[in-house]
Amino acid sequence: MMGELLKTLHDFGIKMDDYKYLPLIDDYDTMKAQGDKTVYIVAILSKRYNLCERKIYKILKRMNEECRNRTVDK
């Protein structure tokens, strides 16, 4: 059962520590829906989550690409 769950997560491109970025993604989506610019959002999230801006961009890119690619492929 556990092995099947881990395989499914892996198949969808989810890494074991992705759960900790879910609040960051929610904040990004909320701010983007309010019309804020990406550069501003990344600067705010960088301070809020104590991550460098480059890391925020990498998280956003990876999470968005993987979700899009996996839903199209399946």
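**Entry: ground rules.** I noted that this is a predicted model, in which local features need pLDDT of at least 70 and side-chain atom pairs count only at pLDDT 80 or more, while totals for chains, interfaces and linings use all residues. Residues are numbered from 1 along each chain as its sequence is written, and side-chain values use heavy atoms, with hydrogens and water left out.

**Entry: the whole chain.** I recorded 4 helices and 0 strands; helices (H or I, at least four residues) and strands (E, at least two) are DSSP runs, numbered from the N terminus. The elements run α-α-α-α from the N terminus on. Of the 74 residues in the chain, 22% are buried, where buried means under 20% relative accessible area, exposed over 50%, and partly exposed in between (1.4 Å probe, protein chains only). I also looked up contacts (heavy atoms within 4.5 Å). Among those between residues at least 6 apart in sequence, 48% join residues at least 24 apart. The accessible surface of the chain is about 5800 Å², and 58% of this belongs to carbon and sulfur atoms; such areas come from the Shrake-Rupley method with a 1.4 Å probe, and for residues only the protein chains shown count as cover.

**Entry: helix H3.** Which residues of H3 are buried? I listed Ile41, Val42, Leu45 and Ser46. Seen down the axis of H3, these buried residues fall within an arc of 135 degrees, so they line one face of the helix; the arc is that of the directions from the helix axis to the C-beta atoms. An α-helix has 3.6 residues a turn, so residues three or four places apart point the same way. On the other side of H3, I found Val39 and Lys47 exposed.

**Entry: after H3.** I returned to Asn50, which follows H3 and has a positive phi, near 55 degrees. Most residues other than glycine have a negative phi. Asn50 is exposed, at 68% relative accessible area.

**Entry: Met2.** I located Met2 in helix H1 (residues 2–11). Met2 is exposed, and its relative accessible area is 56%.
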